[in-house]
Every structure is written in structure tokens, then in C-alpha cells.
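Have the view open as you read, and take the points in order.

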2 protein chains.
Amino acid sequence: VARPSALSGYPEWLPAQRAVEQQVLDTLRTTFELHGFAGIETRAVEPLGTLLRKGEIDKEVYVVRRLHADPDAGADEDTLALHYDLTVPFARYVLEHAGHLAFPFRRYQVQRAWRGERPQEGRYREFLQADVDIVDRDTLAAHHEVEVAQVMADALGRLPLPPLRMQVNNRRLIEGYYRGLGVGEAAAVAATMRAVDKLDKVGPDAVGGILQAEVGLSAAQARGVLALADITAEDASLVDRVEALGVGDPLLDAGLAELVAVLDGTAALQTDRFAVVADLRIARGLDYYTGTVYETRMLGFESLGSVCSGGRYDALVDDGRTTYPGVGLSFGVTRALAPLFGRGLLGASRPVPTCVLVALLHEDDRPAADALARTLRGRGIATEVAPSAAKLGRQIRHADRRGIPFVWFPPADPAGGHEVKDIRSGVQEPADPTTWQPPADDLRPAVVLA
Amino acid sequence: VARPSALSGYPEWLPAQRAVEQQVLDTLRTTFELHGFAGIETRAVEPLGTLLRKGEIDKEVYVVRRLHADPDAGADEDTLALHYDLTVPFARYVLEHAGHLAFPFRRYQVQRAWRGERPQEGRYREFLQADVDIVDRDTLAAHHEVEVAQVMADALGRLPLPPLRMQVNNRRLIEGYYRGLGVGEAAAVAATMRAVDKLDKVGPDAVGGILQAEVGLSAAQARGVLALADITAEDASLVDRVEALGVGDPLLDAGLAELVAVLDGTAALQTDRFAVVADLRIARGLDYYTGTVYETRMLGFESLGSVCSGGRYDALVDDGRTTYPGVGLSFGVTRALAPLFGRGLLGASRPVPTCVLVALLHEDDRPAADALARTLRGRGIATEVAPSAAKLGRQIRHADRRGIPFVWFPPADPAGGHEVKDIRSGVQEPADPTTWQPPADDLRPAVVLA
């Protein structure tokens with residue numbers, strides 16, 4: 001066996017990086033639960049029919065087959081495939097278990113997903129997502145569109161990341177405005193949204209050209225579409241800016257009120273780490289969004305695209321008798337962390353949980369050292385015993401190599417006392433295993449953001 | 001879309017069950033880290049060549065392919081497949097990242113694995129495993145074989161499970177004893193172990209027959225083999241019982257000493273929830289074990305087989321220049337929990353993390369209710385706001401249906417005070433959001449084992 005090499009698109013973390021990721025996941029989970037979201041996990045596979053019915057990404061789906069399955073059997077509806085997001089499996093979970101769930105149902109879900117994309121920074125074949133969704137039966141109150149933004153603002157604002165900026169828009173606002181402009185047909189509305197989605201790539205002149213040449217809008221209509229897409233606002237001044245465009249429509253008014261509610265409802269949660277702004281060019285590609293849509297940029301890492309996206313969907317979860325409208329947001333854990341790890345901007349103060357290494361004078365002392373380690377662990381201090389009774393200098397070097405900050409020396413004779421050495425400062429002091437406490441910062445690996 | 005149905009072999013939990021599983025995972029992680037084990041995760045896929053080189057289970061491997069990959073391309077060494085355990089990916093991880101790891105390297109890993117087995121209770125196609133391993137470079141001290149048993153005893157003894165009994169044996173002890181009996185050749189030793197592995201299924205008479213007819217042992221040798229397999233012991237009395245069989249061999253003595261060390265080293269951690277016994281019929285199927293081997297039965301659920309297994313391996317991790325001997329144990333989280341969930345023996349006190357529902361008198365009060373919820377969350381109390389300003393009776397019924405124990409009533413007018421109602425007892429009392437504390441048992445869902 002030669003030394004194996006990495007697989008492109010399948011990032012894997014060293015222990016210190018995983019310690020950071022784990023603390024990120026802990027913060028997400030704790031915050032989601034404080035907001036009353038229950039955690040679930042779904043199986044990694046879904047029938048291909050379920051996955052393809054919802055998505056636009058059939059080329060990226062990974063099919064799963066037993067090695068000795070009939071090679072001539074083609075893929076059909078029931079062939080299993082790895083899920084490519086957590087929204088489609090969640091929709092299936094809600095339908096399958098609806099009789100056991102209380103609505104509105106609030107869940108978070110932190111799992112891997114897989115896509116056969118060309119790997120690049122921010123895009124991986126296997127990646128970790130953290131989603132929150134709220135679904136109700138038949139109708140979903142608009143305040144839940146505010147609520148998921150509040151939850152993510154609260155959660156992401158606590159993470160060791162560069163500042164985040166969530167951009168929100170509202171499909172009803174856009175659709176109402178387009179109708180008010182005279183873009184009447186649903187197909188033209190959708191084509192207009194798709195053209196506006198290209199603004200960042202090709203610029204307003206090219207989009208204006210597409211709107212006239214391909215969608216068939218007048219020059220005035222195209223100017224109106226671009227004027228709306230140019231608006232950003234951090235508060236209710238949004239209303240004045242939209243009204244100044246002089247387009248009137250009841251759906252526009254309703255969508256505008258919902259968007260202002262998201263800004264108002266997240267105002268108390270915004271910090272210099274996490275901001276929420278209305279940005280009327282955001283549309284999100286997926287057809288199934290019907291109300292608020294969300295994207296999130298990480299400052300200095302805009303080329304990654306959005307690290308936290310989602311929206312309201314009214315018809316995604318439907319078993320033919322009952323519809324379960326919902327709203328959700330998905331944070332791309334791997335997308336956000338991998339570039340920070342890759343550039344050495346995010347790490348942990350040490351790669352091991354261990355706070356104390358118990359030194360061994362003789363191998364015969366191991367049972368006593370085990371007992372001492374049990375005492376420290378019982379007090380919440382992560383402890384391991386030296387792997388061998390080597391010379392003490394070598395044991396200290398072992399702790400140093402592992403990143404363990406303290407070495408504990410049990411008494412060399414029954415009359416002696418315990419001592420503990422901070423190997424970074426070299427300070428060695430008497431210590432009582434039933435009361436000694438490390439500095440709070442040393443108890444666990446600390447996350448360090450450059 | 002019709003209501004989807006469950007996939008056989010892919011268990012999925014309702015929120016209350018997931019809350020239990022999550023608490024189990026938290027306990028495992030906390031304990032593993034207190035013992036100085038660092039958490040890692042590996043990608044879900046490995047090249048088929050890596051998976052098949054180590055295992056005996058090629059028929060169970062799931063191959064992963066892009067939906068639009070060339071259907072005529074056969075599976076080769078580099079074809080990706082889902083890992084079927086966490087040991088083989090860990091071995092690959094150690095070789096790939098050896099330059100970045102400090103040895104002895106101690107890691108835990110909690111992930112799903114996949115096997116295309118026929119589903120039955122205790123055997124699933126997708127399942128969660130929790131592994132601990134220690135690997136060193138070139139040589140591995142025998143005390144680590146004690147240590148992994150200590151870690152698992154400490155971790156599993158804290159779980160809400162029926163009592164567990166870990167059975168340990170030692171391959172060197174067995175091999176030395178067989179040699180002492182005159183079963184000289186390696187092939188005969190391996191065949192003898194395989195025959196003894198059938199004891200539980202076919203009984204001693206049949207195994208004795210196999211040993212003579214197929215392995216070629218004498219009647220006296222076969223009796224000697226069965227006599228050893230009949231020994232169980234909880235302490236160092238093991239030595240007397242083995243010596244009473246009158247077989248002498250240096251490898252036997254070394255293995256016996258190692259096995260006694262495991263019993264002695266775990267004595268302080270044994271409780272009525274977790275016991276460790278030497279059981280000299282345990283061999284474990286996998287060829288790669290070379291020292292201590294471990295299996296664990298759950299009382300009343302013996303038909304599941306072992307829920308926590310492993311052993312010492314000397315040659316599993318090897319890149320042609322350096323060998324990394326190791327020892328590890330793998331706890332089958334799904335195998336242990338699924339039957340308890342299935343029989344309704346294990347559950348949570350409520351299916352939601354939420355402790356408090358803030359009632360709404362008018363929809364206009366939502367911002368104030370949000371602020372109140374923020375205050376409670378800031379004090380670690382999971383809180384959600386009522387989904388609508390329905391009649392208070394309906395809001396209380398909503399809390400009841402969700403399993404939320406407390407409903408909070410903000411003041412109806414500025415002169416009034418806050419009140420909180422325990423909807424189980426009906427007791428309603430004045431409360432201050434900056435100081436009110438629920439009973440400790442109500443703060444989080446509690447795990448309930450019948």
C-alpha cells in the first residue's frame with residue numbers, strides 16, 4: 001500500500017480543524033435549540049425519482065448501487081442516490097412522518113450532502129450543511145419568514161467567521177412590481193427574474209439588452225426592472241425608494257411590507273459581525289421560492305457566492321391532499337470554513353482536547369496514574385497518561401508535540417506532593433488533584449481567527 | 001406525490017428519538033475527549049481498492065457513481081464506494097496525514113457507514129458507529145489495549161442502555177495455547193479459531209467433530225481446545241483456570257498477562273451497568289486482529305450480537321515503509337438504540353428542545369414577545385413565540401401538542417406583571433424574565449429508559 005493521496009472535492013480536516021468545525025456545529029445547534037428547533041437527521045439516500053422531481057441538477061446526482069448488483073439494470077425512479085441538499089429529504093420526511101409531527105414544525109438538520117460538481121474553492125463533492133426550516137399545514141404565517149432570518153442571524157453572528165451580510169428580497173415584491181410595469185405573463189416574469197440574476201456577471205447594460213431582445217420588454221420596462229434591481233436598503237427607507245419608482249400593485253405592496261418586516265425583525269440581532277440588508281437584485285435560481293429569498297456573503301470571500309441561502313416555498317411539500325408551505329435557510333458549513341482553513345486563517349489553539357498529561361516515573365505507577373487521571377476527568381479536565389515511563393524531558397517533549405499545555409507530576413515518594421507544570425511558561429507549582437483548575441482558556445482548545 | 005414510505009434498512013428517527021440519540025452522542029464525545037481522544041471525520045467514500053483490500057465483505061459494498069457516468073465503465077480500484085466501517089477509512093487517514101499527526105495518535109470518530117446487507121433487527125444498510133482507536137508508529141505498548149477498554153467502559157457505562165457486558169480475549173493467548181497443545185501450523189491455528197467461533201451456533205460436540213474431522217486435531221487436542229473456550233473469569237483467577245489445563249507456552253503466558261491487565265485496568269470502572277469479563281471463546285472473525293479482542297453484549301438483547309467490538313491490529317496500517325500498529329473499539333450506536341426505540345423502551349420527555357412558549361395577546365405584540373424570548377434564550381432557556389395570537393386556550397393546547405411544558409404570559413397592560421404557567425400542573429405564578437428558572441429537569445428533554 002503506497003501512501004494514499006487526497007480526493008479532489010472531498011475535503012478532510014486535521015484534528016485541530018475538526019475541533020474548530022465541531023465548535024461551530026455546537027454553536028449552531030445550541031442556538032437553533034434555544035429558538036425551539038428540534039434536530040433531525042434523514043438517511044443519506046433518496047429514491048432518484050424524489051431527487052429529480054425537485055431539482056435542476058440531475059447531472060450532479062450520485063447514484064448508489066451494490067457492487068454486485070446487475071450491471072445491466074438501468075436507473076429508474078426507485079434507484080437510490082445520495083441527497084444533494086437537505087431540503088428535498090426534509091420535504092419527504094415531513095410527508096412520511098406528518099402524522100407524528102406537530103405543526104408548525106420547526107427543525108434543524110446538520111448533515112453532509114453530495115454533488116458531482118467540478119471541485120473549486122467553495123464547491124465540493126461532499127460538504128456539510130446546517131439547515132433550519134419551519135413548515136405549517138395549509139398556510140404559513142409570514143412572520144416565520146422573519147423568524148428563520150432571526151435564528152440564523154443569532155447563530156451565524158456567534159461564529160468565528162469574517163463579517164457576514166445577509167441580502168434579502170421578496171418574490172411577491174418583484175412579481176408585483178413587474179406586473180405593475182406591465183410585464184403581465186408568468187413566463188415573462190420568470191424570464192425577467194432569470195435575466196436580473198445575471199446582473200453580477202454581465203452588468204446592467206447586457207441585462208437591459210436581454211430584457212428587450214429576448215424577454216420582449218420595452219425600453220421603459222427594462223429601465224424600470226433595472227431601477228428596482230439597483231435598490232438596497234437597511235431599514236424601512238426601502239419603502240420610499242421603491243415607491244419613488246412610481247409603480248403600483250397590491251402584490252408589490254404586500255411583498256414590500258413582508259420585506260420590511262424581515263429588516264425590522266432582525267434589527268435587534270444585527271452586529272458588526274452580521275448585517276441584514278434588502279437587496280432587490282437577489283432572486284435565487286430555484287423555481288420553488290414564492291416569498292422572501294435570502295443570500296449571505298462573507299466579507300472578503302464574495303467569490304464563494306452565498307454561504308447561507310434559502311427562501312419561502314409554498315408548494316414543495318405536498319402529498320396530493322395536503323400542502324405544507326415552509327421557509328428555510330441553509331448554511332454551507334464546508335463552503336464557509338474550507339477557504340478559511342485552506343488559507344490558514346482559522347485554527348485551534350491545540351489539536352487535542354487533552355489539557356493535562358500525567359507523567360509516569362515507572363511503568364508500575366500506571367494504575368496510580370490512571371486513578372489520578374480519573375480524578376481530573378471527573379472534574380471535567382481532559383487528561384491522558386504518558387505513553388511510557390521515559391525520561392521526564394522526553395515526556396514533556398511528548399506533551400509539547402501533542403499540544404498538551406500541562407504536565408502533572410505525581411509524588412515521587414509517599415511523603416511528597418503533586419506538582420503541575422505549564423510547559424509553555426515553564427512554571428511548575430504544587431497542585432491538589434481534587435481542587436486544581438487550569439485557566440478557563442486552557443480547559444478546551446480555543447478557536448483562533450486571524 | 002403520494003405519501004412516501006420508509007426504506008427497509010434505513011432507519012430514521014422522530015424528533016424525540018433523535019433527541020435521545022443526540023444525548024447519547026454527546027455523552028460519548030464528552031467522555032472520549034476527557035480521555036484525550038481528538039475527534040476526526042473522514043469522507044464517506046473510499047476507492048474500491050482500499051475497501052476491498054481490507055475486508056471480507058465485497059458483496060455488501062455500495063458503489064457510488066454520477067448518474068450520467070458512462071454506464072459501460074466497469075468498477076475498478078479507483079471507483080468510489082461508501083465506507084462500510086470507520087476502521088479502514090481511519091487506516092487510510094493515518095497514512096495520508098501521518099506527517100501532521102503526533103504518535104501515539106488517539107482519535108474518536110462518529111459517523112454513518114453503509115452495508116448492503118439483508119436488513120433485520122440490529123443490522124441496517126445505513127448505521128451510525130462511534131469508534132475510538134490508538135495507533136503508534138512501529139510498536140504499540142500493550143497498555144493501550146487496556147486503555148481503549150477503559151474509555152469505552154467509562155463512556156458506555158454512562159448511557160441510558162440496558163446493562164452491558166464486555167467479553168475480552170487475547171489472540172496471543174489462544175495461539176500460544178494451541179501451539180502448546182501441538183497445533184503447530186498457522187493454517188491449523190486459524191482453522192481452529194474459526195471452528196471455535198461457531199460454538200454459540202452449533203455447540204461443543206459439533207465443534208469437536210469439526211476440529212478432528214476438518215482441522216485434523218487429535219481427540220485430546222480437540223478436548224483441550226474446547227476446555228479453553230469454556231473458561232470465563234472476572235479477575236486474575238483466570239490465570240489459575242488456564243494453568244490448570246496444563247498447557248505451557250511463552251506466547252500463552254504473554255497473552256494471559258495482557259488479558260489480566262485488561263481485567264485489572266477496568267476494575268475501577270465496572271458498575272452494574274457495565275462489566276468486563278474474560279471469555280476465552282471470543283475470537284472475532286477478522287483476520288487482522290493480533291492481540292486483545294473485544295465483544296459486548298447488551299443484557300436482554302443478546303440476539304443483536306455484539307454492540308461494541310474491536311481489537312488490536314498490528315499490520316492494518318502500513319505504507320510499505322512504516323507500520324502503525326493500533327487498537328480500537330467500535331460502538332454500534334444504531335444497533336444498540338434502534339431495537340430500544342422500536343420496542344418503545346427508550347424515549348425523551350418531550351420531542352422539542354423548547355421549554356417556554358411565549359403567548360401572544362395581539363399579533364402587534366410580536367416584537368415585544370421576540371424581545372422577551374431573547375431575554376430567556378440569553379439565560380439558556382429554549383423559547384419560542386406562539387405562532388398566532390389565537391385564543392389563549394388554543395395557544396396552551398398548541399404548547400401541549402408540541403410538548404412544551406411552560407407558557408409565558410406577558411403583561412396585558414403596562415401596569416401588569418409577567419406570569420408563567422406549568423401546563424402540566426396548571427399552576428400559574430408571577431415570574432420575572434430576568435430571573436425565572438425552570439426546574440433543572442425541565443430545561444432540556446430528559447431521556448427516559450423503561
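1. A word on the basis. This is a predicted model, in which local features need pLDDT of at least 70 and side-chain atom pairs count only at pLDDT 80 or more, while totals for chains, interfaces and linings use all residues. Residues are numbered from 1 along each chain as its sequence is written, chains are lettered from A in the order in which they are written, and side-chain values use heavy atoms, leaving out hydrogens and water.

2. How many residues are in contact between chain A and chain B? There are 88 in chain A and 88 in chain B, where contact means heavy atoms within 4.5 Å.

3. Now for the charged pairs. The interface of chain A and chain B holds 10 salt bridges (a side-chain nitrogen of Lys or Arg within 4 Å of a carboxyl oxygen of Asp or Glu). One of the salt bridges joins the side chains of A:R18 and B:E41, at 3.4 Å from N to O.

4. Finally, look at the strands (DSSP runs of E, at least two residues). Strand β3 (residues 62–66) of chain A pairs with strand β3 (residues 62–66) of chain B, antiparallel, over five bridges; pairing requires that DSSP finds at least two bridges. Here A:R66 has B:Y62 as its bridge partner.

Methods. Helices (H or I, at least four residues) and strands (E, at least two) are DSSP runs, numbered from the N terminus.
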